[in-house]
Amino acid sequence: MEKQQKDERLTEAMRIYGNYLLKLCYTYVHNWTVAEDLVQDTFVKYYEKMEQFREEAAVKTYLYRIAINHCHNYLTSWRYTKLQIIDYWHKLISHGDEPEVQLLAQEADAFLVHAIERLPTKYKDVLLLFHFAEFSLKEIAVLVRLPENTVKTRLRRARQMVGVTLQEEGFENGFDS
Amino acid sequence: MDSIRKAIDTMYSQQTFSAEQQQKTWQKINRPQQNKIIAPVTLAATVLSCLVLAFILFPVMDSTSTAPTVYAEKSGRERDFSVLLRPWMLTGMISAILLIGFMIVAVIKKWWWRVLLCVIVVIAIADNINDRIGYRYYVTTEADMEMALRDGIWPIGRIEGLHFYETMTLQQYRFSYLKTSDYGPIIAILMHDGRGYKIETAQMTSDETLLSAIYIRDIQTLLIPLKEHANVQKLILQNDHERIEQLVDSPLTAIPTTYQSWTIYGVDAQGNETLLYKPERIWTYDG
């Protein structure tokens with residue numbers, strides 16, 4: 001594949017998937033700078049492996065898989081642990097919720113997003129891939145390398161957990177009652 | 001539209017993967033590639049160094065065996081790995097094995113700092129274990145005994161004026177009665193471990209007045225060392241149950257007996273009786 005062709009394909013991929021991947025990464029890492037960095041790395045990796053992809057569907061699957069893998073790696077990294085410790089320390093000192101969270105919590109969408117952000121990673125993976133990235137259960141099963149039934153179970157539990165979380169906040173099953 | 005998708009889009013609507021971000025991606029792609037060989041080569045060199053170090057620090061054998069007899073003779077020293085069975089040594093070894101396992105995972109994941117940390121900790125544990133292993137000294141000749149005294153389990157460093165009074169072998173035990181110019185009398189106890197006579201322990205005294213007789217419980221024998229200028233022709237052993245008289249023909253006398261407690265007298269050529277050892281100056285060796 002020629003360099004010009006590769007460049008064009010990457011530009012196109014960044015245009016189509018850039019925003020989605022950025023939002024997806026943010027739900028994992030809760031930091032826009034880090035999310036941007038992870039999305040950039042995802043595209044760099046895609047550029048390096050571009051010859052392998054012929055179909056557009058494969059590109060989408062690959063990009064989401066790499067982005068999620070990067071998020072997982074970041075969440076297990078020393079860098080993230082260090083930030084968590086610092087963040088926890090700041091919270092201890094300030095004795096209160098962040099103003100941003102308080103502000104966001106005023107809206108229904110904010111409740112839902114906040115509940116998703118707090119989900120354990122394995123549930124977050126399937127929930128976001130299904131609802132946000134709009135993959136089918138079969139595609140998710142391939143993407144996360146799990147049996148389809150496990151994906152179904154995790155998706156059901158993820159929805160329940162979001163519902164339960166929202167119930168605690170005065171909502172039922174993810175919607176205002 | 002899916003409620004979750006809608007909620008995320010709404011909440012994060014301000015954030016986009018901007019042209020600036022795209023530009024940064026291009027910069028990353030066009031950045032000159034880092035030399036990917038450095039890390040594996042460094043790792044390989046480190047592991048190789050550890051192995052070489054291990055071979056240097058763990059010389060397994062430095063000894064020679066003579067022709068087989070009932071109790072085979074052997075000279076030299078060997079690493080004493082029996083200490084590895086102690087609880088803390090086992091803990092150390094298990095930790096090192098787990099760390100090596102984690103190090104392999106870290107190498108696969110390219111967590112180089114963790115790999116480095118593991119290498120350092122493994123080296124520290126290995127070095128610590130190595131320090132505690134020590135040596136097992138096999139003694140056949142006086143030269144072996146000299147080496148064992150100088151470097152052995154009770155190293156006394158520089159040795160001058162080494163003089164052997166007597167070396168005696170009784171079944172699986174061997175006893176050496178000697179002195180150096182810096183120390184008083186020394187009685188070394190060696191025990192056969194299936195391969196040779198290995199130094200077990202020694203009674204070292206700074207002055208010959210502090211010398212003790214030794215009762216070897218295992219073979220029910222009383223070992224009586226005589227002081228250097230004691231002109232003793234005969235030994236008399238007395239306790240509440242028995243009296244033993246034994247002619248003396250060497251500085252170290254072994255008397256088979258089931259009793260541990262004796263009062264020991266020496267009789268000179270003129271028939272004068274001298275108290276050599278009271279019962280409390282008999283030390284029992286349990287093996």
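## Where α2(A) meets α2(B)

In this predicted model, A:Glu36, A:Gln40, A:Phe43, A:Val44 and A:Tyr47 of α2(A) meet B:Gln21, B:Lys24, B:Thr25, B:Lys28 and B:Ile29 of α2(B). Two residues are in contact if their C-beta atoms, placed from the backbone, lie within 7 Å. The residues of this helix contact divide into four nonpolar, three polar and three charged. Here Ala, Val, Leu, Ile, Met, Phe, Trp, Tyr, Cys and Pro count as nonpolar, Asp, Glu, Lys and Arg as charged, and the others, Gly among them, as polar.

How do the axes of the two helices run? The crossing of α2(A) and α2(B) is right-handed.

## The side of chain B that touches chain A

The contact between the chains involves 18 residues of chain B and 23 residues of chain A. On the chain B side, α1 (3–11) and α2 (19–30) each supply at least two residues. The largest share, seven residues, comes from α1(B). By type, this side of chain B has seven nonpolar, seven polar and four charged residues.

## The two chains

Chain A holds nine helices and two strands. Helices (H or I, at least four residues) and strands (E, at least two) are DSSP runs, numbered from the N terminus. Along the sequence the pattern is α-α-α-α-α-α-α-α-α-β-β. Of the 177 residues in chain A, 31% are buried. A residue is buried if 20 or more other C-beta atoms lie within 10 Å of its own, exposed if 12 or fewer, and partly exposed in between, with C-beta atoms placed from the backbone. Among contacts in chain A with a separation of 6 or more, 61% join residues 24 or more positions apart.

Chain B has six helices and 15 strands. Buried residues make up 20% of its 287 residues. For contacts in chain B with a separation of 6 or more, the share from residues 24 or more positions apart is 49%.

## Annotated stretches of chain B

An unreviewed UniProt entry places "transmembrane region" at residues 37–60, 81–105 and 111–129 of chain B. Such annotations may be inferred rather than shown by experiment; positions use the numbering here, and feature names are shortened. Residues 81–105 of chain B are 76% helix and 0% strand, with end C-alpha atoms 30 Å apart. Residues 111–129 of chain B are 95% helix and 0% strand, with end C-alpha atoms 27 Å apart.

## Two residues with positive phi

Most residues other than glycine have a negative phi. A:Glu134 has a positive phi, near 60°. A:Glu134 lies in the loop between α7 (121–132) and α8 (137–144) of chain A. Is A:Glu134 buried or exposed? A:Glu134 is exposed, with 12 other C-beta atoms within 10 Å.

In chain B, phi of B:Lys110 is also positive, near 60°. B:Lys110 sits in the loop between α4 (87–109) and α5 (112–133) of chain B. B:Lys110 counts as exposed, with 12 C-beta neighbours inside 10 Å.

## Numbering and confidence

Residues are numbered from 1 along each chain as its sequence is written, while chains are lettered from A and ligands numbered from 1 in the order in which they are written. Because the model is predicted, local features need pLDDT of at least 70 and side-chain atom pairs count only at pLDDT 80 or more, while totals for chains, interfaces and linings use all residues.

Key. Left-handed = near helix turned anticlockwise from the far one by under 90°.
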